[in-house]
Amino acid sequence: MPESPTKPPSPPGSPVNTATPSAASALLRIAVLAVAFLAVQLMLFKNLHRFPTTRFLPPPGRCNSTWANGEVEPGVCEAGIIYVYDLPLEFNHDLVTHCERLCPWYSFCPYLTDGGLGRPGATVPAFSAIVPNASMPSWYNTDQFPLEVTIHRRLLSHRCRTIDPSLADAFYVPFYAGLDVGSHLWGLNATVADRDRAGTRLLEWLTNQTSFKKSGGCDHFITLGRITWDFRRYYDDGWGTNFVIRPGMANVTRLVIEADRLDPLDVGVPYPTGFHPRTAADVRAWQRHVLSLNRTNLFGFAGAQRSGFKDDFRDVLLEECEDAGRAHCRSVDCSGTKCNDNATTVMNLFLDSRFCLQPRGDSYTRRSLFDCMVAGAVPVLFWRRTAYDQYPWFLPVGERGKEREWSVFMDRQALRVGNVSVLDVLQGFNEQRVRRMRERVVEMIPRLVYGSSSDGLGDGMEDALDVALSGVVKRFRRRRRSIAREKDGPPAPLAARRVNGTSTTPPASNGNNRPVIRRGRRRYVSRDRSRRAFWPHIRTVIPPAPASGRQSLQTS
């Protein structure tokens with residue numbers, strides 16, 4: 001038999017010549033692949049939490065033909081029914097999606113996570129040094145300017161949100177005007193057209209909606225996450241945008257972190273702080289904590305010297321702190337973005353102080369006022385417009401001196417010339433009086449913070465959003481009752497700075513192209529009491545709203 005031909009030798013490295021892998025090497029290879037897979041997943045997870053997802057707002061719950069978030073029991077929404085406009089994405093969603101463009105100095109993206117609350121405190125190591133473990137879920141690294149996102153998210157999940165506009169007592173416009181204009185305020189190539197573009201397009205869309213046409217915007221409201229002066233540009237070379245003074249905004253109520261006291265449609269609301277409790281129990285736990293602290297400083301001050309401001313009052317306060325010595329005062333340097341990058345530094349100061357000095361900021365108000373009060377310290381004020389004239393819905397003020405229950409007011413001119421000192425004034429309060437003032441401040445905390453739960457704090461406790469919504473709906477109902485009494489139709493737009501058709505002088509501009517805010521002659525009294533005196537001066541321009549079945553839902 002012929003021999004079968006022999007196979008040629010296999011080339012080196014071929015599978016035939018390769019040694020059979022051992023079990024140990026196979027397990028090692030599997031382990032390496034598993035570790036690599038987990039590392040990739042971890043990187044993706046971190047990136048997803050670093051930047052806001054495109055679905056940054058919660059989807060509605062169980063939906064029917066009336067309620068957006070499930071059936072509501074009768075009587076639950078007697079306080080008011082809210083309709084939230086579904087705006088084109090360019091006015092809110094897209095601004096968050098492109099969050100890296102919003103701020104020239106630091107990334108705003110981390111501050112827009114969790115619906116504008118920011119990164120949870122548990123992920124920021126510095127929080128563990130000042131926040132008890134039980135309160136940690138209520139704390140976030142929150143910026144001062146994302147309020148538009150925060151309120152929009154809460155209202156989308158609100159139990160009294162309706163998808164039937166004919167049932168609504170109030171209409172919410174979720175335009176992120178502050179995020180938009182903030183991205184154009186300091187850009188080297190930003191123009192007036194850039195600052196005005198989104199607001200102009202929004203009003204073109206809004207004024208064509210049926211609900212807006214019926215009321216002319218008298219039952220509409222919006223949140224502005226920056227101070228009102230950023231939206232009040234009167235001249236082309238001025239600061240900010242002209243959004244608020246455009247005709248389409250003539251009747252729309254604005255919830256704004258700093259209001260124009262001459263504009264009855266501006267409502268001052270608290271700046272966001274890092275405290276966002278889920279329940280009333282969370283609030284009470286924090287209240288007990290801040291009252292139990294042994295505070296080593298009589299007073300503290302968080303701020304920075306500003307070389308561009310002549311005779312800056314902050315310099316006076318820094319000198320007061322230095323003169324008092326470390327035994328009585330401590331200050332925190334907030335130059336640049338130091339305090340924004342590490343908000344816990346400021347909170348640590350206030351948690352260790354019985355009083356905190358609160359001068360005006362770049363404008364009359366500053367977030368530090370609310371950080372101070374959430375920390376259970378008593379604010380020392382030098383301008384009435386920093387608090388008393390600014391937040392009447394949230395801070396008790398009145399003829400009987402209610403503000404003295406929770407704050408100290410000092411004459412800044414007397415302090416500047418040396419006739420008084422901060423140390424002498426504060427040492428003049430005995431321990432019992434200081435304790436009462438601190439207890440009053442701590443009692444006010446719920447109304448100064450924005451809870452994180454869509455259902456509110458519960459147990460009858462109202463947070464800042466609850467207070468704002470209640471005030472807005474009451475205002476709109478008063479307007480409707482007034483309209484019903486008017487034989488010739490409803491009142492005309494409550495235009496800011498306008499009486500008998502004559503506008504007052506717009507704010508002047510300083511060298512930094514920012515508005516110079518002067519204390520002018522008061523043209524209106526308080527927002528709620530001004531209606532009777534104001535309405536006789538204005539012309540009817542809005543037709544009466546048709547009767548509807550909504551009246552059965554309204555309470556007197």
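User: Two strands pair if DSSP finds at least two bridges between them. On that basis, how many bridges do β5 and β6 have?

Analyst: β5 and β6 have 3 bridges, in the parallel sense. Strands here are DSSP runs of E, at least two residues, and helices are runs of H or I, at least four, numbered from the N terminus. One of the partner pairs is phenylalanine 171 with histidine 220 of β6.

User: Before more of that, what sort of model is this?

Analyst: A predicted one: local features need pLDDT of at least 70 and side-chain atom pairs count only at pLDDT 80 or more, while totals for chains, interfaces and linings use all residues. Numbering runs from 1 along each chain as its sequence is written, and side-chain values use heavy atoms, with hydrogens and water left out.

User: What is the mean pLDDT?

Analyst: The chain averages 81, with 74% of its residues at 70 or more. pLDDT is the predictor's confidence in each residue, from 0 to 100.

User: Where does pLDDT stay under 50?

Analyst: Over residues 1-20 and over residues 495-556. For residues 1-20 the model has 5 contacts beyond four places in sequence, a contact being heavy atoms within 4.5 Å. For 495-556 the count is 128.

User: Back to the sheet. What is the strand order?

Analyst: β4-β1-β5-β6-β7-β8, an open sheet of 6 strands with parallel pairing. β4 (161-162) and β8 (266-268) each have a single partner strand, so one side of each has no neighbour in the sheet.

User: And which strand do the bridges from β1 reach, if I start at residues 82-84?

Analyst: β5 (residues 170-173), through 3 bridges, with the strands running parallel. Isoleucine 82 sits opposite alanine 170 there. Helix α16 (residues 464-485) packs on this sheet, touching β1, β5, β6, β7 (253-256) and β8, and its direction makes about 165° with that of β7. Axes are lines fitted to C-alpha atoms, for helices over the stretch in contact, and angles run from 0 to 180 degrees between N-to-C directions. Helix α4 (residues 147-156) lies across β1, β4, β5 and β6 (220-224), at about 135° to β6.

User: How many residues of β6 are buried?

Analyst: 5 of the 5, so β6 is largely enclosed by the rest of the structure. Buried is under 20% relative accessible area, exposed over 50%, partly exposed in between (1.4 Å probe, protein chains only). His220, Ile222 and Leu224 are on one side and Phe221 and Thr223 on the other. β6 also joins β7 through 4 bridges, again parallel, and leucine 224 has valine 256 of β7 as bridge partner.

User: Other sheet now. What is its order?

Analyst: β10-β9-β11-β12-β13, open, 5 strands, parallel pairing. β10 (329-333) and β13 are the edge strands, each pairing on one side only. α11 packs on the sheet against β9 (297-303), β10 and β11 (353-358), its direction making about 160° with that of β9. α15 lies across β11, β12 and β13, at about 70° to β11.

User: Which residues of α8 are buried?

Analyst: Ala280, Asp282, Val283, Trp286, Gln287, His289 and Val290. Their cover includes α11 (343-351), α12 (368-374) and α15 (431-448). α8 (residues 280-292) has 13 residues and reaches 19 Å from first C-alpha to last, close to the 18 Å expected; that expected span is 1.5 Å times one less than the number of residues.

User: Tryptophan 393, buried or exposed?

Analyst: Tryptophan 393 counts as buried because its relative accessibility is 12%. It is in the loop between β12 (378-381) and β13 (408-409). Proline 270 is 123 residues away in sequence and 9.8 Å away in space, C-alpha to C-alpha.

User: What about phi at aspartate 114 and aspartate 459?

Analyst: Aspartate 114 has phi near 55° and aspartate 459 about 60°, positive values in residues other than glycine. Most residues other than glycine have a negative phi. Aspartate 114 lies in helix α3 (residues 113-116) and is partly exposed at 35%. Aspartate 459 is in the loop between α15 and α16 and is exposed, at 63%.
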